[in-house]
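Thanks for making time. I have one model to go through today, so let me put it up.

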Amino acid sequence: MPDSPNDSKLKTWLWVLGGLVVVLVIALVVVLVVRDDSDSNEADTTTTTTSSTTTSTTTSTTTTTTVPPTTTTIAYPAITDDPQTYAQYLFTAWQNNNQTNAANVASPEAVQQMFSQPYASSANWALNNCSPGAGSLYCQWNGANGTTLTMQVRTLTGGLPVLVTGVTRS
């Protein structure tokens with residue numbers, strides 16, 4: 001028995017509706033695949049606090065308001081499988097005067113050694129090199145007046161976790 005005109009229109013509408021559903025599903029899949037939900041920019045934040053001092057004088061009263069000094073947080077590098085990133089992270093924690101974050105990548109002894117002297121930006125520290133040796137990586141920073149800072153980072157060679165185990169200055 002041949003299809004009636006109403007059956008033919010119904011089938012056409014069902015095919016159009018089905019095609020529209022397929023297109024929407026494909027669009028949704030593309031959006032979900034392309035969308036980047038990673039929170040990798042967390043290490044890229046920089047916080048700056050500004051301070052100012054205001055003094056107001058009237059004929060009978062002087063008021064002084066002091067805001068806390070300016071602090072700048074240096075962005076922490078991402079910690080990867082590369083032991084050098086542990087040394088760079090510890091150095092950044094020292095710059096930020098943050099022993100809690102330093103403990104994420106260093107032994108208590110290394111944290112104590114690192115923070116035994118306060119960070120001074122005037123020292124102009126610069127990473128010179130990192131070189132391997134006997135299950136460790138040695139990363140050296142050069143500062144003003146020939147000063148050096150060397151970190152010993154334990155590598156995975158001995159089966160223990162990567163960790164900064166020592167800091168020396170000369």
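I will take confidence and layout, then the surface, then the disulfide.

This is a predicted model, so local features need a pLDDT of at least 70, side-chain atom pairs count only at pLDDT 80 or more, and totals for chains, interfaces and linings use all residues. Residues are numbered from 1 along each chain as its sequence is written, and side-chain values use heavy atoms, with hydrogens and water left out.

Confidence to begin with. pLDDT is the predictor's confidence in each residue, from 0 to 100. The protein chain averages 82, and 75% of the residues score at least 70. By element, the highest mean pLDDT is 97, in helix H4 (residues 108-114), and the lowest is 48, in strand E1 (residues 47-49). Over residues 38-50 the pLDDT is below 50, and this stretch has 17 contacts in the model beyond near neighbours in sequence. A contact here means heavy atoms within 4.5 Å.

Now the layout. The protein chain has four helices and eight strands, in the order α-β-β-β-β-α-α-α-β-β-β-β along the sequence. These are DSSP runs numbered from the N terminus: helices are H or I with at least four residues, strands are E with at least two. Of the contacts with a separation of 6 or more, 33% are between residues 24 or more positions apart.

Next, the surface. Accessible areas come from the Shrake-Rupley method with a 1.4 Å probe, and for residues only the protein chains shown count as cover. The total for the protein chain is about 11800 Å², with 58% belonging to carbon and sulfur atoms. Of its 170 residues, 22% are buried; buried means under 20% relative accessible area, exposed over 50%, and partly exposed in between.

Which residues form a nonpolar patch on the surface? They are Leu 17, Leu 20, Val 21, Leu 24, Val 25 and Val 29, with about 540 Å² of accessible area together. Val 25 lies in helix H1 (residues 5-34) and is partly exposed at 47%.

Last, the disulfide, meaning a pair of cysteine sulfur atoms within 2.5 Å. A search of the whole structure finds one. Cys 130 is joined to Cys 139, S to S 2.1 Å. The S-S torsion is about 115°, so this disulfide is right-handed. Cys 130 is partly exposed at 22% relative accessibility, whereas Cys 139 is buried at 0%.

Note on methods
Patches are made of residues with over 30% relative accessible area and no salt bridge: like charges are joined within 9 Å, nonpolar side chains (Val, Leu, Ile, Met, Phe, Trp, Tyr) within 5 Å. A salt bridge is a side-chain nitrogen of Lys or Arg within 4 Å of a carboxyl oxygen of Asp or Glu. Buried means under 20% relative accessible area, exposed over 50%, partly exposed in between (1.4 Å probe, protein chains only).
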